Amino acid sequence: MAELLNHDVWTAGDLLSRLERRDKFFVLDVRNRDEFERFRLEGRSPVPAVNVPYFEMLELGGKDDMLDSVVAYVERDLADQLPSDLPILAVCAKGDTSEFVAQGLSCLGYASANLNGGMKTWGEYYATRAVVEAPDLAIYQVGRPARGCLSYMVASAGKAIVIDPLRHLHPYLGLARESSLTIEAVIDTHGHADHISGGVALATATGASYYLHPYDAIHPIDVLPATIPYEFIRDGQTFPLGRHELEALHIPGHTLGLVAFRIDDRYLFTGDSIFIRSIARPDLGGKAETWAPLHHRSLRRLLDLPGEITVLPGHFSSLDEADETGRFAALLNDLKKRNDGLVVLQRESEEGFVRYLLESLPKFIPEYVDIKRVNAGLLTPAEEDAATLELGKNVCALSQAYAISEGVRR
Amino acid sequence: MSQVFDKLLDARGLNCPMPLVNARKEIGKLDLGQVLKVVATDRGSVADFQGWAKVAKNVELVGQETESAEGANVYVHYVKRTA
C-alpha cells in the first residue's frame, strides 16, 4: 500500500466559498453515472468534471487495494483527461471512497483534495446570511446551496417567524439561541414538492404554531387531506412581529395554496412565484393547464406592488443568481427588467403568457409526488429515504432557468 | 428466496468502497462457477455491485436481496465467478 501523502480536505463550507469566488478547480467524481447526472457540483461558473465510478477504477486498475488501483487507473487511463495546472477535487457519495482517490492523485503529483463527507454532506450543508440586521428588524436567509432552497428567519424585538424551514432544524434553532430569539410562528408558503419541509418539526420543537394555506393541505394528486397539525392562513391575514407585521398574499399558481408575505413596502417573501432569474412552474400538482391562468393572475398581482420592494425568493437555480455578497435578493423593479418570466409576463396577453408557461415546463420529477405526501403527513420515510428523496437540485422553476447550466455541460 | 452460495463475506459495518474491495479479493480465491454471498449495510452497495458486475469480466451478479433486521437494512449480493 502506498504511503499516506498530503492532500487537502475541503469541507462543504470551503467548497461554497470557492464556488462563490469562482476559484478554478477540476472535479473527479467517482459515484455511479446516474447519481452524477442527477446531482452535480455547480457553481457561479461551470465546474469542469469527469465521472469515473470507483468500481470501474478498482476493476480496471486491477489491484487488490483501492489506493493502488486508483494510482494504476489514473496513470494509465485518465491522465490525459486531468488538468495538471488545477487542483483536483475528489468527490463521492459520502467522502470515504474519494479519500482514496485524493490520496492516489496526490501520489501521482496532482494537487488534490477530498470533499469531506461527499455529496451527502454538501447536499445537507446550510448557509445563513443576514439580508438586513437592524435593531428593529432582522432577516436571515437560510439556504441549502447545493439544492437551491431558501428559507427565512424574520426577527424583531426578540421574536422570530420562520418561513419555509428546510428539513434540518439546527440552523434555525442555532440562530434563535445565538440571537436570543423566541420562534413564535412557523409558516410554509406552500406544500413543497422538491424538499421535505422542516415546518411541523420546528413548530413542535419550539412550541410555535405551524401555518399553511388550507388548499395546500390537500395532496393535489392523491386528493387526500393532510394529517399534519396546522393553522389556516387566509389572504390578507397579518402576523405581528415586534414593531412589524407580515401580511399574507394568497397567490395560487405554483400550488393552489401558495402564499407570499410582505413586510410593509420593504420586503416580499415570494415563495415559489418570482425567483431571481425566472418564475415558478405551474405543473407540479398535475394540473398545468388549469393552474397556469391562476399563476398569471397571481404574478400580475405581485407586479403591482411597489417596485422598490425587495424580493426574497424560495429558490434559486444557479449560485450565479446571488448578488456579490452571496444573497439571493433583488428589487422588484430590477427583476421586471431581467427576470425571464416577468419580461414575458409584461409583454404578453394572458393567452400568450399561459402558452409560454406550458411550453417551458421542465421534466416532471416523479419523486416530487412522494415529497408532497411526506409534507402532508401521508408518508413517513426513514432518514436515509428522506435524504434520497431530496437528492439533487430543485427543479421548481421554468426550464429557462436551467438552460444555462445545461448548455455548458455539453 | 435464498440463493445457494459457496462462501460468505460479512461486510456489515464497512463503508464504501470496502464491501466491494473485499468482495473482489474473495472472488479471486473462488473456483470457476462458485458463488460468493456478500452481506453489507452500506446501501450504496446495491447499485455499486450492479455497476461492478457490468465492468468486471470474471463475475456475474446472480442475485440481490434486501433484508430488514431490527429496523436496519442489510443488503445481500450473490456474485458468481465466471472466468
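Visitor: Where in chain A does pLDDT stay under 50?
Guide: This is a predicted model, and in chain A the pLDDT stays under 50 over residues 406-410, for which the model has one contact beyond four places in sequence.

Visitor: And what does chain A average?
Guide: Chain A averages a pLDDT of 95, with 97% of the residues scoring at least 70.

Visitor: Which domains is chain A divided into?
Guide: Chain A is divided into domain 1, covering 8-121, and domain 2, covering 126-370. The centres of these two domains of chain A, taken over C-alpha atoms, are separated by 35 Å, and the contact takes six residues from domain 1 and six residues from domain 2. On the side of domain 1 of chain A that touches domain 2, there are two nonpolar, one polar and three charged residues.

Visitor: Okay, what about the largest nonpolar core, how many residues has it?
Guide: The largest nonpolar core has 125 residues, and those with the most contacts inside it are Val70(A), Ala90(A), Tyr152(A), Met153(A), Val154(A), Ile161(A) and Val162(A).

Visitor: What does Val154(A) touch?
Guide: Not counting residues up to four places away in sequence, Val154(A) touches Ile139(A), Ala160(A), Ile161(A), Ile163(A), Leu241(A) and Leu246(A). There is also a second, separate core of six residues, which includes Ile196(A), Leu284(A), Tyr368(A) and Val374(A).

Visitor: Switching topic, how many residues of chain A are in contact with chain B?
Guide: From chain A, 16 residues are in contact with 15 residues of chain B. Helix 3 (54-61) and helix 5 (97-107) of chain A each supply at least two residues of the side that touches chain B, and the largest share of that side, six residues, comes from helix 3 of chain A. By class, the side of chain A that touches chain B divides into eight nonpolar, two polar and six charged residues.

Visitor: Is helix 3 of chain A mostly buried or exposed, then?
Guide: Helix 3 of chain A is mostly covered, since seven of its eight residues are buried, among them Tyr54(A), Phe55(A) and Met57(A).

Visitor: What covers the buried residues of helix 3 of chain A?
Guide: The cover includes helix 4 (66-78) and helix 5 of chain A, together with helix 1 (18-29) and helix 2 (45-55) of chain B. Just after helix 3 of chain A comes Gly62(A), which takes a positive phi of about 80 degrees.

Technical notes: Residues numbered from 1 in each chain as written. Chains lettered and ligands numbered in written order. Predicted model: local features only at pLDDT ≥ 70, side-chain atom pairs only at ≥ 80, totals over all residues. Contact = placed C-beta atoms within 7 Å. Helix = DSSP H or I, 4+ residues; strand = E, 2+ residues; numbered from the N terminus. Nonpolar A, V, L, I, M, F, W, Y, C, P; charged D, E, K, R; others polar. pLDDT = per-residue confidence, 0-100. Domains from an automatic or database assignment. Buried ≥ 20, exposed ≤ 12 C-beta atoms within 10 Å, placed from the backbone. Core = buried A, V, L, I, M, F, W, Y, C linked by C-beta atoms within 7 Å.
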